Amino acid sequence: RSLLLSSSSSSSVTVTTTFFDSNLVLLSTIRLGMLLSQTSRALVRSILVRTLPFCATSVTPSSVWPAAHACSSGLRSRSSSSSSSKPPTAILMMNLGGPATLQDVGPFLDRLFSDRDIIQLPIQFISGPTISRFRTPKIEKLYKEIGGGSPIRSWTEKQGDQLERLLDQLSPETAPHRYYIGFRYADPLSSEALLKMKEDGVERAVAFTQYPQYSCTTTGSSLNELWSQSKLLGLENQIKWSVIDRWFSHPDFVKTVASKVREGLAKFPTDQDRDDAVILFSAHSLPIKVIDRGDPYPQEVASTVHLVMNQLKDPGRKYMLCYQSQVGAVPWLGAQTDKVLEGLGTQGHRNVLVVPIAFTSDHIETLHEIDIEFAEVAHKAGITNFIRAPSLNDDPNLAAAMANIVISHLKSNESCSSMYRFKCPGCHTPEKCRQILNPISSPPKLI
């Protein structure tokens, strides 16, 4: 099927689609003939949704990729956790996502560099894909070195399975429960999750961020995309929503992180090495301009660190918070983890434990940046024992923490936290920021 669409004499787009089997596995290639106006892009999105309802491919700048892309991932049939005819309570697990294969790296970066909630570029629907193509070969090499793809989907599925079982056991009044995955930049996207929820007859859903600490660039971006896709798919009035927008200080989460720190400390070869070890809590950095707008991420990460150290009851322990994954020439939040390691080595420290404090599972930042790149930096700096604390992954304590967080949220009948409705003083997208589509209850006043 080929459609030629034009909303004005100066813009056009051709959408070519091919259907392969009865499951409607779709390969789509989108070719831009000329620069599209916002009106024409909206027209294309609208027509695609009506003609290709099972694909959930949205024509945005992030869709412009020369390789054919299969949209069926994330729509696999999964047996229900209950035989009840009652619609399931949906738990949408939102996260960054990651390319499952090397072929997925390009589309992943394309979506990432087209997201204006995280980065603003001139003529972004052209410059974003251009940057992603330039960076793709380098990033493909990194993923190849950790096995050929990100494990984040696999870990999220395991976490979701555990969460679903615990919720059914501990909260029968809201059962059956069913988890869905809505990644921001990789399959399954939020649009795919929404279509599956529609198919399952979901009427009540919780958008559960998998970023414990809130940032407009992470949870905020995921929620903005969720509401946008819900409207695009005509589901704005079908599902009642509430949001778990942060959980950085939840006692069960803090205890779980503290247990991982203890596991990491136990790996040092001698008691003396363990006692001397400096703990580096490492979180993904943000551009300083985001922080200057009032983004709450730094204080929430620091709060988690403070609570974990209190939980460890190790008052003599040396520790600090640092940040990783800075990209480009713009100023980023520091101190940078690699620079801290170099400084510690120069000062004569020989034992360092790195703790991923803002990640709930292993992915490229832990498996490559910490385990390979930072390990090399530490070795060159003279650090003898460089150890990373295990990630949370499918630890049963994390699943229990998440279940308690969800149950408390459902019982509260609140649509979100009061902080979610508190906009950054320098917010640059006030028209869409901190919204809730069709909330379960009246949200706090937006300020």
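This is a predicted model: local features need pLDDT of at least 70, side-chain atom pairs count only at pLDDT 80 or more; totals for chains, interfaces and linings use all residues.

Q: Which strands does α4 lie across, and at what angle does α4 run to β6?
A: Helix α4 lies across β5, β6 and β7 (204–209), and its direction makes an angle of about 155 degrees with β6.

Q: How should I read the sheet itself, and in what order do its strands come?
A: As a general idea, the strands of a sheet pair through backbone hydrogen bonds, in either a parallel or an antiparallel manner. Here four strands in the order β6-β5-β7-β8 form an open sheet, and the pairing is parallel. Because β6 and β8 (240–244) stand at the edges with a single partner strand each, one side of each is left without a neighbour in the sheet. On average, neighbouring strands of this sheet are turned by 25 degrees against each other, direction ignored.

Q: Over how many bridges do β5 and β6 pair, and which residue of β6 stands opposite A90?
A: Strand β5, residues 89–95, pairs with β6 in the parallel sense over seven bridges, and the residue opposite A90 is R178 in β6.

Q: How do α4 and α13 cross, and how far apart are their axes?
A: The axes of α4 (residues 152–170) and α13 (residues 396–412) come within 9 Å and cross at roughly 50 degrees, and the two helices are therefore oblique to each other. The crossing in which α4 passes α13 is right-handed. On the α4 side the contact includes Q159, Q162 and L163, while on the α13 side P396, M402 and I407 are among the residues involved. By class, the residues of this contact divide into twelve nonpolar, two polar and no charged.

Q: K313 has a positive phi; is K313 buried or exposed?
A: Phi of K313, a residue other than glycine, is near 50 degrees, and K313 sits in the loop between α10 (297–312) and β10. With 66% relative accessibility, K313 counts as exposed. R434 also has a positive phi, near 60 degrees, and is found in the segment after α13, but R434 is buried, with a relative accessible area of 2%.

Key. Residues are numbered from 1 along each chain as its sequence is written. Side-chain values use heavy atoms; hydrogens and water are left out. Axes are lines fitted to C-alpha atoms, for helices over the stretch in contact, and angles run from 0 to 180 degrees between N-to-C directions. Angles under 35 degrees count as roughly parallel, over 145 as roughly antiparallel, 65 to 115 as roughly perpendicular and the rest as oblique. A crossing is left-handed if the near helix is turned anticlockwise from the far one by less than a right angle, and right-handed if clockwise. Contact means heavy atoms within 4.5 Å. Ala, Val, Leu, Ile, Met, Phe, Trp, Tyr, Cys and Pro count as nonpolar, Asp, Glu, Lys and Arg as charged, and the others, Gly among them, as polar. Buried means under 20% relative accessible area, exposed over 50%, partly exposed in between (1.4 Å probe, protein chains only). Two strands pair if DSSP finds at least two bridges between them.
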